[in-house]
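Please open the structure in your viewer and keep the selection tool at hand.

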Amino acid sequence: MESLRRLFVASLAPVSASSLPDEDDQSGRLEPSAMTTPTPFPLLALPNEIIQQVLGHLRPLDLVELSLTCQSLRSHAVNDLLWARFVQENLPVPQSSPSPCHTWRELYTAHYPYWFLPRHKIWFADKATVGNGLAGQLIFARYDSRLGSIEAYRLVAEIGRDHKAELWEWNPSVLIHKFNPKIRLFLDNPVIKLNLGDLSATRRLHQEVLMQREADQRLHGIRSMLFLSRAIPNELQDSTMSLWPPSIVPATNRVRNESPTMFKGEGHKPQHADQICETNFRLRKWSEFRSQGGRSSVRMGEDVLTFSTLPSDCYTPSAEKPYQGIWVGDYASHGCEFLLLTQRSPKETQEQDLVVPGSPSTYLYGDYDHDGDDSDMDVTTAETEDPPGCSGHLEAIKLTGDPHVPRGEHTWIAEDIGKGGLIRVADERNFKGARIVKSWSHIAASGFRDGKVLVSLT
């Protein structure tokens, strides 16, 4: 990119010395013999196809700056094929046309800089919109080609009608809950709805965009505004900071999670395009009560939700990491919760120093108590080597939580799902052939108090 910029600068023809009046010429006029023909712009001497290929390596803001240089380059910079790529690379499904906009450039500009929302798709919040704030929420963002809008809806999971509980044959003191969750988008109330024309022509980096919905026509209701965030550089992060997502959750960037000004200061928002954090954003929410006729209103209960996304490689399954993914867990009276299961190979585990000898409470949860005895968990099935995909470290992190163990915390972890942590291979009816490995589970009292790490099986 920088080399292309240097190319454009170098292509600008320097002013010829012979075109300037001589210092001894008192008239200050240029003689015809001193006049020279301006050197043509070298880039424009290239064939149009080559120019378009060069411009195809530039980003949107670079094309905007280039279009300001001259009319000829502007005609190249506004070529709609270049702008179609910027839209398509942010959408999982290619679009056949920019409709309802007239051009791809118009469509991209309408939603800039929020195209990262449908690109990353999955977002999880530090708080819930309603109910227990520790629960958080998981949303799915997408582009609606019918309306030309960017939308995000809350993902909900229901236990389902075929929920059953039965005793475990291998250990009758354990009750096994079987369920087939129903997962859907809660389409009745979008968390985000960014329509064409919602963004102002200027100050987009600082703008808090009001989410317009049909429900907003009522006298009372919950209002929200969408705005950008600014990441905290890794070298400035420390353990005393309240950051989202927390350190145990894989993330490309982290942002502040607390602010006495409710994130209204300029330091929390990008001041220029390079400071836009495309893996985090915020929603400001409040309850609004309007008088009859809507002439006056009262704003109460303002709060800010911070959202983050996940690197796709930490939840996308592969042949080496088949257990990775976003799963649904049945937490009895707490209902269904979304979990991130991320798997690390033995090499990654060793490089990141994840396996620490001694109490797992020191490794995972600071000063949490360790309860349980693993002396009876002897390996009954010896293996000389790990089966494909059954090696390394597997951990489950809550993306949504409950009043006891909230979002952003471990719910269980298996330090070695290979032969080193193997307890046995199940032969009972419900789990025949399943590998049972040693793991640690996290429990706590209401309000996330008195946390303990228990020996368990996975």
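A residue counts as buried under 20% relative accessible area, as exposed over 50%, and as partly exposed in between. The model shown here is a predicted one.

Select Val64, which lies in helix α3. Its relative accessibility is 36%, and therefore Val64 counts as partly exposed.

**Second stop: helix α5.** Select residues 80-88, which make up helix α5. Which residues of this helix are buried? They are Leu82, Trp83, Ala84, Phe86 and Val87. Display their surroundings as well: the buried residues of α5 pack against α2 (48-55), α3 (60-67), α4 (71-77) and α6 (104-111). Then move to the start of α5, where a side-chain oxygen of Asn79 comes to within 2.9 Å of the backbone nitrogen of Leu81.

Select Ile51, Gln52, Val54 and Leu55, the buried residues of α2. These residues lie on the same side of α2 because they cover an arc of only 160° around the axis.

**Last stop: a loop.** Select Glu320, in the loop between β13 (297-309) and β14 (325-330). Is Glu320 buried or exposed? With 58% relative accessibility, it counts as exposed. Beyond its neighbours within four places in sequence, Glu320 is in contact with Gln343 and Gly389. Gln343 is 23 residues from Glu320 along the chain, and their C-alpha atoms are 9.1 Å apart.

Methods
Residues are numbered from 1 along each chain as its sequence is written. This is a predicted model: local features need pLDDT of at least 70, side-chain atom pairs count only at pLDDT 80 or more; totals for chains, interfaces and linings use all residues. Side-chain values use heavy atoms; hydrogens and water are left out. Buried means under 20% relative accessible area, exposed over 50%, partly exposed in between (1.4 Å probe, protein chains only). Helices (H or I, at least four residues) and strands (E, at least two) are DSSP runs, numbered from the N terminus. Contact means heavy atoms within 4.5 Å. A polar contact is a pair of N or O atoms within 3.5 Å; within protein, one must be able to donate a hydrogen and the other to accept it, and residues adjacent in sequence count only if both atoms are side-chain atoms. The arc is that of the directions from the helix axis to the C-beta atoms.
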